[in-house]
Amino acid sequence: MTEKFDIIVVGAGILGVASAYYLQKNNPNKSILLVDSQPDAGQANTAMSAAAIRNMFSSSTNQLLTDTSIDFFRHIQEDLDFDLTLHFCGYLWLLSERQFKEPSVQTWMQRMEANNIAYRVIEKSELQKLIPGLVTDFSGDEEAELMNLNNVDYALFGAECGVLDPSLLVQFYKDEFLKLTKVKPRFNLHVEQLLLEAQPGLGLPGEPLVWQNKLVTGIKTKQGEIHADKIVVAVGPWTNTLLDPVGIPSYVKAKKRQLFMVAASDHQPLEEILFAKGFSKTGFIPFTILPSGGVYLRGVPEEKSFWIGCADKVGRTYKYTMEEDDYNAERAYYEQSVYPVLSKYFPAFSNARPGNMWAGDYAYSVDAIPLVYEHSGVIVVTGASGSGIMKADALGRITDALYRGESEAELYGGRKMSSKALGLVNRDVEVESVLI
Ligand SMILES: Cc1cc2nc3c(=O)[nH]c(=O)nc-3n(C[C@H](O)[C@H](O)[C@H](O)COP(=O)(O)OP(=O)(O)OC[C@H]3O[C@@H](n4cnc5c(N)ncnc54)[C@H](O)[C@@H]3O)c2cc1C
């Protein structure tokens, strides 16, 4: 006897739990089994995230996905009284004059204006007052020139952006899902492969044969096979490990991303940066992206620390799938690549070394826009390209709309998106250029 459900959701990261919740909410009579190889939900890349949220993207697609998701996160915290430790500290992009005038940045600003995404331009003189100890001019600094460091002349500041705790967000969707279902999720359950079967099966050797219709009808695990009418694959950077063996296309590649925690306590100049007061009511520094090297910093006021990250591009290997040791951060990478840039812009970080560090993978799509599509009985939701927390609510709703055969998904606040816009075929998106 094999078990049978209406839907199996494979992967209980943020995209899996958000999808499971909306599927159950809008299909109350369907039985949905949520499975993950980890001991609980949200323990893989979702837990490794910097958990910053922004609606400041260059593409209208990502703007819509994030703007509506962030509105929903605000609703969870403010109206439903579920504390996500959501703080609207803002996002701050530091830019040189040359960067500011680049066509891509001008287009980015125009699209934000067209789509009512709030932001403001801050000039250097104001920035110097807002962030104590920020170096804005490297004239005459030969080392900085060698390192290709850009001056800081402007910043783009988005007040509707901030940070939250991803484990609480996962908890919210998981709790809401559990309220609606009698089917207990199964953790510590690794899906070894998707079961592809001929439709109808004729009992011939070698099925499914090339001339037969084929459908994924279930999953294979160490504890046996489990069948379902629809399988939702929400396994982030592991997408290819399940789709490749059955020949379903996915077009995502994984790239390692790391975070380094640097304590600000007991070091007055760092505390002054951390608690930079002038940007928002939160009284701490916005998520700040330096104009060189892809280095960024996120303030964590609760633990009086910074999380420092870097989105290294060329030179950092793309991988096809994610390996176990991808969770180990590299101290040498901090020392040699990140720290030299950070301490040039913020000399207060001189000699500051990470007390803790961790890593995970981004699942990049070709255009840095997520993928949600149906193929051979599987709905795939993946390719969040480093910003899956902030898009999770919209992606959960789109997955559900696709399942129900709706042509449009209604996002939070009533705005709509075609449920096929994020598909592989007739993909209707603008390429994203503002990546971190
Ligand atoms: C260092 C870092 C910083 C980041 N910063 C941000 C940020 O500031 N803001 C933001 O929005 N995003 C950020 N991200 C990206 C964000 O974490 C991801 O986009 C998001 O977590 C993707 O969610 P997911 O559910 O697709 O993947 P995951 O969280 O990886 O979930 C996939 C799940 O599938 C399970 N799984 C995989 N294979 C199988 C299998 N065969 N059988 C059973 N289960 C399986 C895994 O155990 C896992 O739980 C960051 C990521 C990293 C690594």
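**Notes on the predicted model**

1. Asp-40 is partly exposed, at a relative accessible area of 28%; here buried means under 20% relative accessible area, exposed over 50%, and partly exposed in between (1.4 Å probe, protein chains only). The side chain of Asp-40 meets that of Lys-174 in a salt bridge, 2.9 Å from N to O. The term stands for a side-chain nitrogen of Lys or Arg within 4 Å of a carboxyl oxygen of Asp or Glu. This pair links distant parts of the chain, 134 residues apart: Lys-174 belongs to helix α8 (residues 166-180), and Asp-40 to the loop between β2 (32-35) and α2. Helices (H or I, at least four residues) and strands (E, at least two) are DSSP runs, numbered from the N terminus. Lys-174 is buried, with a relative accessible area of 13%.

2. On the basis of the values: this is a predicted model, in which local features need pLDDT of at least 70 and side-chain atom pairs count only at pLDDT 80 or more, while totals for chains, interfaces and linings use all residues. Residues are numbered from 1 along each chain as its sequence is written, and side-chain values use heavy atoms, with hydrogens and water left out.

3. The protein is divided into domain 1 (3-50 + 168-251 + 367-418) and domain 2 (91-158 + 253-365). These bounds come from an automatic or database domain assignment. The C-alpha centres of domain 1 and domain 2 are 34 Å apart.

4. How many residues of each domain are in contact with the other? For domain 1 the number is 22, and for domain 2 it is 20, with contact meaning heavy atoms within 4.5 Å. The two domains bury about 1,600 Å² between them, and 55% of that lies on carbon and sulfur atoms. Buried area is the accessible area (1.4 Å probe) that two parts lose on being put together, summed over both. In domain 1, Met-48, Ala-50 and Pro-237 lose the most area to domain 2, together 35% of what that side buries.

5. Eight residue pairs, both members at pLDDT 80 or more, are in polar contact between the domains. Such a contact is a pair of N or O atoms within 3.5 Å; within protein, one must be able to donate a hydrogen and the other to accept it, and residues adjacent in sequence count only if both atoms are side-chain atoms. On the side of domain 1 that touches domain 2, α2 (45-48) and α9 (239-243) each supply at least two residues. By class, that side has eleven nonpolar, nine polar and two charged residues. Ala, Val, Leu, Ile, Met, Phe, Trp, Tyr, Cys and Pro count as nonpolar, Asp, Glu, Lys and Arg as charged, and the others, Gly among them, as polar.

6. Gly-236 sits in the loop between β10 (224-233) and α9. Gly-236 is partly exposed, at 22% relative accessible area. Apart from neighbours within four places in sequence, Gly-236 is in contact with Ala-363 and Thr-382. Thr-46 is 190 residues from Gly-236 in sequence, yet the C-alpha atoms of the two are 9.4 Å apart in space.

7. The whole structure holds 27 salt bridges by the search. In one of them, Arg-415 pairs with Asp-67, the closest N and O atoms being 2.8 Å apart. Arg-415 lies in the loop between β19 (408-410) and β20 (416-418), and Asp-67 in helix α3 (residues 60-78), 348 residues apart. Arg-415 counts as partly exposed at 33% relative accessibility, whereas Asp-67 counts as buried at 13%.

8. Asp-400 and Arg-404 also form a salt bridge, with the closest N and O atoms 2.9 Å apart. Is Asp-400 buried or exposed? Asp-400 is buried, with a relative accessible area of 1%, while Arg-404 counts as partly exposed at 34%. Elsewhere, salt bridges that share partners join Lys-256, Arg-257, Asp-312, Arg-316 and Glu-330 into one network.

9. Ser-387 is placed in the loop between β18 (378-382) and α12 (392-403). Ser-387 is buried, at 5% relative accessible area, and a polar contact of 2.6 Å joins its side chain to that of Lys-391.
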